[in-house]
Amino acid sequence: MTAVQARATYVSSTASQVSFVRQLRSEFVKLLSVRGTWWSVAIVAALTIGIGVLIGANFPEGMGDPIMIIVSPVQFTMLLAGILGVISVTGEYSTGMIRSTLAANPVRGSVLAAKAAVLAVFMFVVSLLIFIAAMLIVTPFLAAGDLAFDWADPSATILPVIAASAAMSLFALIGVGLGFLLRSGAAAIAATVGIIFVLPVILTLLSAFLPDLTWLIDVANYLPASVAPSAILPTDGQAVSAGASWLTLGAWAAAALAAGWVVLRGRDA
């Protein structure tokens, strides 16, 4: 082997080694460069702030903690978080970029972990900023009705906002897992909508018409959309406790990611 050949072999071997930090940086750049990311963020912001202003301007005194105005839109925006997780994965499959990603880093578990970590952190930070912005914008509307956020009590302000941001991250991770599992944008989005919105409605209707099947109610109580409110704003009398709600959300995200990893590891791109 000549010196030139030896050098070429050495450079190729070194270039093929991609650290996890570089993988994170790559996933972050890809996430920010996708137009759908910013459309999702814009819609989440519009819904959170718009619903907050609408309710805040007509929030009657004595109807509950004003922080509900800020975190209640999660019932709608959680679907957008899941869809963002889906398109961050399926977009690569539709363009063929996934082959370049796996060629640069053949360790497929590392690819999934990097994408999941970037999505989770991004969704948490963006959601937190949107919720805080919504609180600042809604404050004057509450003041007009002699209401205000209790900033002196973290459990009535910042803690629910942090919890809602964490819940948005977990919904994004469910989308990431479904994206790797199904690989098709349409199929993964349909599955996300089904799990988050459709399945709770179906189980509720079935439990109403089949009251003897009490296990249907138990299943419905542990769906992601059902446990999210309990995790964000725990109150007395909820079917699932706050701790169990977080474990349930985490389990859904972990199950989706595990299923996605099995498919990613076992099938060609």
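The buried residues of helix H3, where buried means under 20% relative accessible area with a 1.4 Å probe and protein chains only, are Thr-37, Ser-40, Val-41, Val-44, Ala-45, Thr-48, Gly-52 and Gly-56. They cover an arc of only 130 degrees around the axis, taken from the directions from the helix axis to the C-beta atoms, and therefore lie on the same side of H3. On the other side of H3, Arg-35, Trp-39, Ala-46 and Leu-54 are exposed, a word that stands for over 50% relative accessible area, with partly exposed in between.

This is a predicted model, in which local features need pLDDT of at least 70 and side-chain atom pairs count only at pLDDT 80 or more, while totals for chains, interfaces and linings use all residues. Residues are numbered from 1 along each chain as its sequence is written, and side-chain values use heavy atoms, with hydrogens and water left out.

The protein has 12 helices and zero strands, these being DSSP runs numbered from the N terminus, with at least four residues of H or I for a helix and at least two of E for a strand. The C-alpha trace spans about 85 × 50 × 30 Å along its principal axes, and buried residues make up 41% of the 269 residues.

The length of H3 can be checked, because at 1.5 Å a residue its 22 residues (35-56) should span 32 Å, and its end C-alpha atoms, 31 Å apart, agree with this; the expected span is 1.5 Å times one less than the number of residues. The buried residues of H3 pack against helix H2 (20-33), helix H4 (67-71), helix H5 (74-95), H7 and H8, where contact means heavy atoms within 4.5 Å.

Two of these neighbours, H7 (residues 108-143) and H8 (residues 158-182), have axes that come within 8 Å and cross at roughly 145 degrees. Such axes are lines fitted to C-alpha atoms over the stretch in contact, and angles run from 0 to 180 degrees between N-to-C directions. Among the residues that meet are Leu-112, Lys-115 and Phe-131 in H7 and Val-161, Ser-165 and Phe-180 in H8. The residues of this contact divide into 18 nonpolar, three polar and one charged, with Ala, Val, Leu, Ile, Met, Phe, Trp, Tyr, Cys and Pro counted as nonpolar, Asp, Glu, Lys and Arg as charged, and the others, Gly among them, as polar.

H8 also packs with H5, and the axes of H5 and H8 come within 7 Å and cross at roughly 35 degrees. The contact of H5 with H8 has 12 nonpolar, seven polar and no charged residues.
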